[in-house]
Amino acid sequence: DEQKRGGVGGGADEVLGKSCGSENTEILLDANASSAKLSRFGTLRHLVAIAPDPLDDEEEGGEIDDDSGHGLNQKRSKKQRKRSLYKRFKRQLRTLAMSNGLSNFVMAMICLSTFIMALDSHVSFCEPPPENSDPFAAFSFESELYFNRADERATTPPNRSVRNYKAITEGSNLFFTAVFVLELLIKIGGLGFSKFALDGKASLWNLFDVVIVVISVYESSTVYSSARCLFAANSCLAAEQCSAGVGYAVMRVLRLGRLGKLLRAFPDIYKQVTAIGKSLGAVGALMTLILLFLLIFTILGMNVFGGAMTMEFDAGQLMRGADVYVELPFDPWRNMRPLTMPGRRGTIVDVDAQAHPLTPWKVLIFKSEGLERELALDTDRCVWAADGSVAGPGAAIITGIVPRLNYDSLGIAIITTFQILTTANWNDDLYDAVATSGAGASFFFYTIIVAGNWMLLNMFIAIIIQKFAEQRKEALDANLKEMKRHFVARFGPMTQDELN
């Protein structure tokens with residue numbers, strides 16, 4: 001057949017004899033003859049493609065250009081080496097991205113970052129007073145009392161140890177940002193973006209890592225400026241103005257969310273968290289009922305105890321910022337207010353026992369706009385009052401202290417009701433309410449505890465326990481199915497005689 005096509009076989013033999021040598025020609029022709037599935041024409045075409053054709057060279061110049069063939073082979077070998085190096089690098093990068101070593105290193109960096117954020121507390125940059133020999137006095141809030149004026153802080157040199165401490169803790173965020181960026185690049189390069197962002201449950205944590213890294217990179221310039229400003233600060237006021245801001249500090253707190261990856265190292269804890277997550281849908285209706293219950297009793301408490309709760313009076317608890325009740329001697333409406341209200345509501349704004357020895361407390365009276373003359377107040381709606389121990393004639397007297405948790409406003413009332421619902425120091429609120437409203441006020445607190453705590457909150461716990469039981473049952477069913485599958489695979493093909 002080949003001879004009919006024009007002697008392709010003979011011509012190929014001559015080509016092989018000239019280019020590859022007689023020995024190689026015999027080996028290749030033997031291999032071609034021994035193959036039953038590959039035609040001789042295909043084999044020869046493959047051989048001709050491998051070996052350079054001398055006839056072409058003769059047409060061009062009569063000689064074979066060995067240099068051009070050698071250069072072409074070098075280009076191909078360079079491309080192959082580059083391709084192999086890229087594949088090898090890709091394989092190693094993928095192995096590194098999926099290795100436990102990288103995960104453990106990142107977890108260690110997360111824990112270290114969390115530890116440094118815990119150390120980043122409020123400090124005073126001012127030097128402690130000479131009579132204070134405590135080297136850690138600058139870390140206490142009380143040391144700022146010695147330098148509470150802006151002009152003094154602007155001329156006082158900062159405590160170098162405190163300044164360097166704040167600068168190092170602030171600048172360490174740049175190091176952790178670089179570590180997190182490097183981890184992100186390794187994972188995206190090794191796994192590929194599709195597997196990194198769209199593959200199963202791990203993609204959710206990966207996308208959360210992307211958000212954390214973007215926020216960290218966004219704040220890195222501000223963090224660098226803050227650390228550089230702290231190192232260059234030459235006064236307390238300059239050091240205090242180098243803060244990166246509360247907003248960026250809140251962004252750094254988001255890194256704590258990466259601690260959730262530690263759950264994978266503890267399967268039992270991960271199962272419990274999973275069960276709690278699955279129970280959120282079931283407790284949605286119950287949470288709505290609890291919020292409605294909380295709102296009802298909040299409004300009820302505001303109508304019953306609003307402006308009437310006072311704690312046990314103790315002059316030692318009076319201080320700046322404390323809310324108190326004041327009995328004004330010239331109040332024309334003193335006989336018209338409810339009996340449970342011991343006076344007008346106000347807050348202590350100043351104290352001066354030297355200029356006012358009998359009435360040392362300066363109280364700002366609430367809701368007294370336009371009533372300064374009728375109530376005998378100062379132009380700033382304040383009055384100097386006594387604490388009840390020693391009072392001169394016609395002096396204002398502090399008759400009660402408003403407890404921190406009360407029903408005077410909606411926000412504080414919600415917190416008070418929630419405290420009673422959780423039974424956290426609820427008896428203090430009970431004593432304050434009974435002292436002003438009588439023993440009948442106790443039924444309000446008992447109803448919240450019985451209906452809210454004993455019933456509603458325990459139902460919440462019961463639902464979570466039920467989810468744990470369901471999860472355990474699902475695990476047992478899955479194990480049983482797996483056992484059945486192995487049993488059938490092992491004994492299914494066996495005959496009755498083999499089973500016997």
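How exposed is cysteine 229? In this predicted model, cysteine 229 is partly exposed, with a relative accessible area of 33%.

## The chain as a whole

The chain has 500 residues, and 31% of them count as buried. Its secondary structure consists of 18 helices and 5 strands. Among the contacts with a separation of 6 or more, 67% are between residues 24 or more positions apart.

## The cysteines

For readers new to the term, a disulfide is a covalent bond between the sulfur atoms of two cysteines. The link between cysteine 229 and cysteine 242 is left-handed, with -55° about the S-S bond.

What does this link tie together? Cysteine 229 sits in helix α10 (residues 202-232), while cysteine 242 sits in the loop between α11 (236-240) and α12 (246-253), so the pair connects parts that are 13 residues apart in sequence. Cysteine 242 is buried, at a relative accessible area of 5%.

Cysteine 111 is partly exposed, with 38% relative accessibility, and cysteine 382 is buried, with a relative accessible area of 5%.

## Aromatic rings

The model has 10 aromatic pairs. In one of them, the ring centres of phenylalanine 175 and phenylalanine 176 are 5.4 Å apart and the planes meet at 65°; an angle over 60 degrees counts as edge-to-face, so this pair is edge-to-face. Phenylalanine 175 is partly exposed, with a relative accessible area of 46%, whereas phenylalanine 176 is buried at 2%.

| Pair | Distance between ring centres | Angle between planes | Arrangement |
|---|---|---|---|
| Phenylalanine 175 and phenylalanine 176 | 5.4 Å | 65° | edge-to-face |
| Phenylalanine 297 and phenylalanine 444 | 5.8 Å | 55° | tilted |

Phenylalanine 297 belongs to helix α14 (residues 284-305) and phenylalanine 444 to helix α17 (residues 442-491), so their pairing ties together parts that are 147 residues apart in sequence. Both phenylalanine 297 and phenylalanine 444 are buried. They also belong to one aromatic cluster, formed by Phe293, Phe297, Phe305, Tyr407, Phe444 and Phe445.

There is a charge beside a ring as well: arginine 490 lies over the face of phenylalanine 491, at 5.2 Å from the ring centre.

## Nonpolar cores

Which residues touch the most other members of the largest nonpolar core? This core has 21 residues, and the answer is Phe305, Tyr407, Phe444, Phe445 and Ile448. The elements that each give two or more residues to this core are α14, α15 (410-421), α16 (426-437) and α17. Phenylalanine 444 shows the surroundings in detail: leaving aside neighbours within four places in sequence, phenylalanine 444 is in contact with Phe297, Leu300, Gly301, Phe305 and Tyr407.

As background, nonpolar side chains tend to be buried together in soluble globular proteins.

Strand β4 (residues 382-386) is mostly covered, with 5 of its 5 residues buried. Cys382, Trp384 and Ala386 point one way from β4, while Val383 and Ala385 point the other way. In general, the side chains of a regular strand alternate between the two faces of the sheet.

How do the neighbouring strands run? Strand β3 (residues 361-365) is antiparallel to β4, and 4 bridges join the two. One example is lysine 362, whose bridge partner in β4 is tryptophan 384. Strand β5 (residues 396-401) is parallel to β4, with 2 bridges between them; here alanine 385 has alanine 396 as its bridge partner in β5.

## Two backbone angles to look at

Most residues other than glycine have a negative phi. Arginine 381 has a positive phi of about 60° although it is not a glycine. Arginine 381 lies in the loop between β3 and β4 and is partly exposed at 22% relative accessibility.

Asparagine 425 likewise has a positive phi, of about 55°, and is not a glycine. Asparagine 425 is found in the loop between α15 and α16, and at 51% relative accessibility this residue counts as exposed.

Terms used
Residues numbered from 1 in each chain as written. Predicted model: local features only at pLDDT ≥ 70, side-chain atom pairs only at ≥ 80, totals over all residues. Heavy atoms only, no water. Disulfide = S-S within 2.5 Å. Buried < 20%, exposed > 50% of the residue type's maximum accessible area, 1.4 Å probe, protein only. Phe/Tyr/Trp six-rings, centres within 6.5 Å; stacked < 30°, edge-to-face > 60°. Lys NZ or Arg CZ within 6 Å of the ring centre and 35° of its normal. Core = buried A, V, L, I, M, F, W, Y, C linked by side-chain atoms within 4.5 Å. Contact = heavy atoms within 4.5 Å. Pairing = 2+ DSSP bridges.
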